[in-house]
Amino acid sequence: MSTTIDDEVASGTPEKPTKRQRQAAGIADAASGGVKMLLIKLLALGLVDAISLYALFILVSAGEWLIAAIVAVVTIAVNWIYFSRRRLPSKYLTPGVIFLVVFQVFVLVYTGYIAFTNYGTGHNGSKEQAVSSLMASSLQRVEDSPTYPVTVVDQLGTLGLLVTDPDGDAFVGTNESPLTEVDAEFDGDKAVAVDGWTTLQFADVLARTDEITELAVPFSDDPNDGALRTPDGSSAYQYISTLEYDEAAGTITDVDTGTVYSDIGTGAFTAPDGEELLPGWQITVGFDNFVRAVTDPRLAQPLVYVTLWTFAFAIISVASTFFLGLFLAIVFNDMRMRGRKYYRVVMILPYAIPSFLSALIWAGMMNESFGFINQVIFGGASIPWLTDPWMAKVSVLIVNLWLGFPYMFLICMGALQSIPDDIQEAATVDGARPWAVFRLIKLPLLLVTVAPLLIASFAFNFNNFNVIYMLTDGGPRDSDAPIPVGFTDILITMVYKVAFTGQARDYGLASAYSIIIFIVVAVISIIAFRRTKSLEELN
Amino acid sequence: MRVNKKSLLAAGAVAVIATLGLASCSAGDSGSEGEASSSGTLTVWVDAERVDAMKGAASAYTDKTGVEVELVGKDVADIKDDFIQQVPTGKGPDITMGAHDWLGELSTNGVVAPIELGDSAADYLPVAIAASTYEGTTYMLPYAVENIAVLRNADLIPEAAANFDDMIAKGQAAGLTQPFVVEQGAEGNPYHLYPFQTAFGAPVFGSNDQGYDPADLQLGNAGGEQFATWLGGQGKNGTGVFNTDIDGEIAKQAFLDGTAAFWLTGPWNVGAAIDAGINVSIDKVPSPTADPAQPFAGVKGFFISSESKNQVAANDFLVNYLGTEDVQLELFEAGNILPALSAAADTASSDPIIEGFAAVGEDAVPMPAIPAMGSVWTYWGIAEADIINGADPVATWQKLAADVQAAIDAG
């Protein structure tokens with residue numbers, strides 16, 4: 001960027017720069033080798049503009065006007081900010097704000113919105129879509145009715161079907177007029193043209209797809225005979241509809257049973273006895289999902305112990321990884337030790353392997369009959385590492401310890417090295433024993449630096465989906481629970497199972513859960529950060 | 001100041017050049033994935049491995065009708081969810097490849113349009129047509145049928161086994177401690193155990209003329225209890241034939257190493273066995289009773305989006321093009337599973353492996369696609385795993401039936 005010191009001065013002082021200041025800015029610009037920076041700036045902005053323009057093309061051609069407008073406004077704002085000689089704070093803040101809005105605020109707001117809807121299996125479209133889908137699937141081909149070869153014909157803009165019946169006679173009909181026999185030209189066994197009508201070529205048929213999909217030629221004057229419809233423009237079949245939609249009343253009637261399904265505000269057509277016709281449509285349901293998350297007996301019963309285990313898992317994981325990391329950091333920080341560098345590399349290795357992979361490998365090693373641990377280390381013992389409820393919990397903690405301690409080791413090492421040696425010397429001179437030095441001086445100083453990271457680590461482990469999913473998938477399953485929840489499931493994996501496994505998805509409920517989890521983590525983090533402030537007063 | 005004027009000009013130039021360049025790129029890019037397809041282009045989502053097999057049919061269709069067919073390779077794992085989410089927004093494809101057990105979910109979400117196969121329905125294998133039908137309406141054009149069978153290491157055991165006990169006896173006579181392997185895992189694997197369950201006369205749902213009847217849960221009938229008792233006897237506290245520690249990889253390794261001579265699995269694993277130099281024969285699933293052991297059939301096919309603006313072309317393309325023998329054979333060669341069209345299936349059966357799976361498939365029953373099946377899967381495997389690991393078979397099985405019934409009623 002070609003910003004100069006002058007910009008900072010200018011942004012600090014709202015008055016217009018004086019003539020001398022501007023001259024000075026010009027000299028500074030020329031002197032700062034600004035051409036290179038200017039080129040980089042131009043390239044970067046050009047790239048941003050090019051991407052925005054590309055996005056605009058796509059958005060406009062897809063008819064996404066709102067998003068296109070937002071992209072345009074943001075792009076113009078970005079150009080204005082970076083070509084301006086002032087607005088230094090904006091120059092620093094803009095990229096961060098854009099990313100914050102795109103990746104955090106939008107996701108949060110959208111999740112929040114979904115949490116108040118019934119979005120999920122059977123409720124993922126609009127009411128119009130639900131109606132048209134119901135009507136389409138209610139069409140039933142009349143039993144043992146033949147296939148009718150048809151030609152699509154046009155008369156003054158009205159589409160009709162030229163139908164050849166199995167006896168070889170030709171009929172023509174439209175949406176309004178039932179089939180009537182006509183004299184037609186035949187091509188082989190199929191009637192292809194008739195006087196007074198224009199025969200449509202396949203390309204014309206495709207161009208008028210919408211009209212042809214709507215085309216239902218009554219078979220006779222008796223509506224119970226159904227209508228001929230053609231799905232592909234060349235063959236027609238006789239259908240009767242089992243459902244009737246009354247647009248004025250907003251109800252759907254089952255022709256066979258006479259049951260009336262009406263829209264009672266639940267997002268689906270519902271019969272008086274509560275039976276729903278699916279698909280339904282998406283509606284907002286207020287706090288229903290939140291209420292259901294805590295009151296539905298099927299969900300609430302496992303929720304209690306899953307929550308307890310989630311806290312236990314997160315707290316023990318943070319504590320165990322921290323103390324192991326700290327212990328190793330202290331050991332490897334001892335000057336008397338030889339080859340520390342190599343040991344440190346070994347210690348950091350688990351950190352270098354993707355945690356997905358590690359968890360899967362551990363799952364294999366912990367297999368009761370065939371796993372490496374039982375077969376080789378314990379000489380063929382059958383220890384139920386992953387199949388006993390308590391052992392599985394222990395296994396999860398062990399694996400998470402293995403995955404997590406290198407991180408703690410690294411940060412503790414850094415923090416330890418930043419504690420001045422003279423503090424320790426002073427304490428030793430005062431006659432303090434090593435344990436006392438560690439407990440009363442080093443640990444508190446260390447915690448000042450590390451505490452925020454421990455809180456972040458707690459938040460991470462609270463939602464540590466990967467380890468649970470890859471290692472035990474929440475198992476062993478609790479066969480008494482009414483939902484497929486297991487003894488090592490934490491909240492986030494339980495939410496995943498409730499909302500996304502099986503054939504019924506419930507995005508609304510999942511969003512409600514994730515908001516609840518978010519609130520829990522946020523509250524704990526705020527309280528914890530408040531308390532760490534008292535640590536800082538140590539200094 | 002002078003510098004800034006220049007920079008504005010330069011920026012303008014950059015923007016204009018970029019615009020022109022991108023405009024020319026994007027001109028040829030219309031109708032790409034995620035866009036509403038305009039009339040004249042059919043967008044088809046295809047399993048990435050089968051894109052090449054579809055190209056011939058697509059270009060032949062374009063030559064004949066002038067309708068462009070755009071094939072979009074998709075990761076199999078994402079197709080269903082993407083389809084369900086994108087169709088209501090009007091942006092999904094016109095046609096997607098899929099499997100018949102998605103049918104209940106797709107239909108409940110209203111994202112698929114019915115397909116009329118007309119008289120050509122008789123040209124398909126009956127199981128393929130049954131699987132493509134949901135509540136009396138056909139929604140899928142089937143192209144392949146898939147079922148599990150027993151892979152036998154013919155070098156170790158030259159003769160097919162007459163029944164389940166015979167299979168174990170033959171393997172033990174050949175000196176194998178674990179003659180038969182089948183994929184299980186901590187949460188069981190009911191799909192692979194289903195042939196044995198059906199041999200005891202315990203289907204999951206009864207059926208009516210519309211297909212499977214979700215109101216008629218057959219799981220907990222007397223046959224189911226007999227099956228559970230038998231399963232318990234073959235588990236941890238019995239013969240040990242079934243073991244929940246054997247997952248897919250362990251079963252595969254045992255067969256490839258020759259420590260197991262029989263492997264109950266699907267056609268997707270045959271390649272690995274042949275590559276490992278095993279002399280593979282395909283046998284029917286040996287039944288533990290006098291009745292045949294019927295595996296589930298999985299049928300693969302194509303669905304039309306209910307929001308497609310090209311319904312006519314989509315129907316024409318599927319029924320009149322993808323339903324032809326040539327295309328079905330091309331798809332067969334890409335995936336090596338039995339074509340759904342009878343004529344193509346006969347041609348493909350010249351391969352002994354395919355013939356073997358086809359013979360087993362004659363007994364197969366379509367896997368229920370009704371949404372209630374979701375409630376069954378949730379509890380089924382875990383109950384079977386418990387029984388294998390020594391839980392009381394009859395009590396566990398009855399609890400399974402009760403749990404499933406409660407879940408269906410609840411939801």
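Predicted model: local features only at pLDDT ≥ 70, side-chain atom pairs only at ≥ 80, totals over all residues.

Visitor: Are Arg50(B) and Asp47(B) buried or exposed?

Guide: Both Arg50(B) and Asp47(B) are buried. Asp52(B) and Lys55(B) are linked by a salt bridge whose closest N and O atoms are 3.2 Å apart.

Visitor: How many salt bridges does the whole structure have over all chains?

Guide: A search of the whole structure finds 21 of them over all chains. One of these is the pair Arg505(A) and Asp81(B), whose side chains meet at 2.9 Å, N to O. Arg505(A) lies in the loop between α18 (491-500) and α19 (507-536) of chain A, and Asp81(B) lies in helix α3 (residues 76-86) of chain B, so this pair joins two chains.

Visitor: How accessible are the two partners, and which residues are linked with them in a network?

Guide: Arg505(A) is buried, at a relative accessible area of 12%, whereas Asp81(B) is partly exposed, at 23%. A network of salt bridges links Arg505(A), Lys80(B), Asp81(B) and Glu105(B).

Visitor: Which buried residue has no salt bridge?

Guide: Asp254(A) is such a case: the nearest side chain of opposite charge, that of Arg229(A), is 16 Å away. A salt bridge requires a nitrogen and an oxygen within 4 Å. Asp254(A) belongs to strand β13 of chain A, residues 251-254. Beyond the residues up to four places away in sequence, Asp254(A) touches Thr242(A), Leu243(A), Thr259(A) and Tyr261(A).

Visitor: What is the general idea behind a nonpolar core?

Guide: In soluble globular proteins, nonpolar side chains tend to be buried together. Here the largest nonpolar core has 134 residues, and those with the most contacts inside it include Phe180(B), Phe242(B) and Trp380(B). A second, separate core has 42 residues, among them Leu328(A), Phe405(A), Leu491(A) and Val498(A).

Visitor: Which residues does Phe242(B) touch?

Guide: Among them are Phe164(B), Phe180(B), Val182(B), Leu193(B), Phe196(B), Trp230(B) and Ile388(B), with residues up to four places away in sequence not counted.

Visitor: What can be said of chain B as a whole?

Guide: Chain B contains 16 helices and 16 strands. Of its 411 residues, 56% are buried. Its C-alpha atoms fill a box of roughly 90 × 55 × 50 Å along the principal axes. Among contacts in chain B with a separation of 6 or more, 75% are between residues 24 or more positions apart.

Visitor: How does one describe two helices that pack together?

Guide: Two packed helices are described by the angle between their axes and the distance between the axes. In chain A, the axes of α9 (residues 288-295) and α10 (residues 297-332) come within 5 Å and cross at roughly 60°. α9(A) and α10(A) are therefore oblique to each other. The contact involves residues including Arg292(A) and Val294(A) of α9(A), and Leu299(A) and Leu303(A) of α10(A).

Visitor: Which backbone features deserve a reader's attention?

Guide: The peptide bond from Leu278(A) to Pro279(A) is cis, with omega near 5°. Pro279(A) is placed in the loop between β16 (276-277) and α9 of chain A. Another feature is a positive phi in a residue other than glycine, as in Asp144(A), where phi is near 60°. Asp144(A) lies in the loop between β1 (139-141) and β2 (148-155) of chain A, and at 78% relative accessibility Asp144(A) counts as exposed.

Notes:
Residues numbered from 1 in each chain as written. Chains lettered and ligands numbered in written order. Heavy atoms only, no water. Helix = DSSP H or I, 4+ residues; strand = E, 2+ residues; numbered from the N terminus. Buried < 20%, exposed > 50% of the residue type's maximum accessible area, 1.4 Å probe, protein only. Lys, Arg positive; Asp, Glu negative; His and termini not counted. Contact = heavy atoms within 4.5 Å. Core = buried A, V, L, I, M, F, W, Y, C linked by side-chain atoms within 4.5 Å. Axes fitted to C-alpha atoms, helices over the stretch in contact; angles between N-to-C directions. Parallel < 35°, antiparallel > 145°, perpendicular 65-115°, else oblique.
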